[in-house]
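Student: I have a model open and would like to learn how to read its features. Could you take me through them in turn?

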Amino acid sequence: MPAVLRGLKAIATRSDRRALTAVVTMSDDGGSSGRLRKSMGLPPPGDVRKCLVALSESESLLAGLFEHRYGDSPEIGGHSLGNLILAALAEQTGCFLKAVEMSSDVLRTVGRILPSTQVDVTLVAHLDDNSCVRGETAIAACGRRIRRVRLDPDRPAPTAGVIESILEADLVVIGPGSLYTSILPNVVIGGVGEALVATGAQVVLVANLVSERGEASGLDLADHVAVIEEHAGHKILDAVLTNDGPIQPEMLGRYRAEGAVPLTWPTSRSMDIPLFRRNLLAGGPKLRHDPDATARGLLDVWAALREERRVGHTS
């Protein structure tokens, strides 16, 4: 998500600084976020912090400080400074959303960031063997096939502005991110699936670069689309943006050795959704989405879908 936001930030800066809204998953229970949830009863701040930094007007010293992580210490070791600032502001104001808004003002973010819900939620996975796993960290580590996920409490109320932002959008971007622990926890928020059907926006999935290990092992791109729409309760996706950039053989071999392969649409299955292929790769030793290339790809998809809709309306 931060990579997509970094790419779209430059476009929004040239047009409207408030044109972007990021809706952030609130089910993280590991690391610094999990510790703050348990000790202070706060929503998990980690994913929000990453989006704050990604949307900061310039990722300067102040944004870098938000990402600073403390080393060995019995009290604050492992915590990032940004998480602690969000926790302090939430404690002072009595409202996590207010803490996010104040941090946005300090970092001069291009756009706004909304926690998907302010309800204290736990991610629950129902597995193919009829067993159940609770908690994002445990689900990511379970390594067994998941039938569906939900939040406890079920279909929690969305944060004010989430549904409105979807309904009023021109383009809704889903992903990239872990299917079961990053994407679906937003889809199963109360009213989100219905809003994704009702919106006049084009809804585009940015596909992951490679398949996931663990709970999503063995799922191809067609499976990802099917799982997302099954959890939304409707057909919601208008298109998929996927990578076709070449991956260096050495890097590909390293990922294959770890059980990850390029995420593609299988040739054996019919394609009932437009698939846009672009080179989305960033440089570096790890496979990552390039922010600018991903933003350009999204604009290409958006333009093509709008033209298709225009021609369909006039024919």
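Tutor: Start with a loop. Pro176 is found between strand E6 (171-174) and helix H9 (179-187). Helices (H or I, at least four residues) and strands (E, at least two) are DSSP runs, numbered from the N terminus. This is a predicted model: local features need pLDDT of at least 70, side-chain atom pairs count only at pLDDT 80 or more, and totals for chains, interfaces and linings use all residues. Residues are numbered from 1 along each chain as its sequence is written, and side-chain values use heavy atoms, with hydrogens and water left out.

Student: What about phi in Arg108?

Tutor: Arg108 has a positive phi, near 50°, and is a residue other than glycine. Its loop runs between helix H6 (96-107) and E2. Asn130 also has a positive phi, near 70°, again in a residue other than glycine. Asn130 lies between E3 and strand E4 (132-134).

Student: Where is Thr117, and how does it score?

Tutor: Thr117 is in the loop between strand E2 (112-115) and strand E3 (122-127). Its relative accessibility is 1%, so Thr117 counts as buried. Contact means heavy atoms within 4.5 Å. Leaving aside neighbours within four places in sequence, Thr117 is in contact with Met26, Pro156, Ala157, Pro158, Thr159 and Ile189.

Student: How do I read a nonpolar core?

Tutor: A core is a set of buried Ala, Val, Leu, Ile, Met, Phe, Trp, Tyr and Cys residues joined through side-chain atoms within 4.5 Å. The largest one here has 48 residues, of which Ile174, Tyr180 and Leu205 touch the most other members. Helix H11 (residues 221-232) gives the most to this core, with six residues. A second, separate core has 38 residues, including Leu5, Leu8, Val48 and Ala87.

Student: Which residues does Ile174 contact beyond its neighbours within four places in sequence?

Tutor: Ile174 is in contact with Ile183, Leu196, Val203, Val204, Leu205, Val206, Ile236 and Leu237.

Student: Why is strand E8 largely enclosed?

Tutor: Five of the five residues of E8 (residues 239-243) are buried, so the rest of the structure largely encloses this strand. Ala239, Leu241 and Asn243 point one way, Val240 and Thr242 the other, and all are buried.

Student: How is E8 joined to strand E7?

Tutor: Two strands pair if DSSP finds at least two bridges between them. Three bridges join E7 (residues 202-206) to E8, and the two run parallel. Val204 has Ala239 in E8 as its bridge partner.

Student: And where is Leu65?

Tutor: Leu65 is in helix H4 (residues 61-67). At 37% relative accessibility, Leu65 counts as partly exposed.

Definitions and conventions
Buried < 20%, exposed > 50% of the residue type's maximum accessible area, 1.4 Å probe, protein only.
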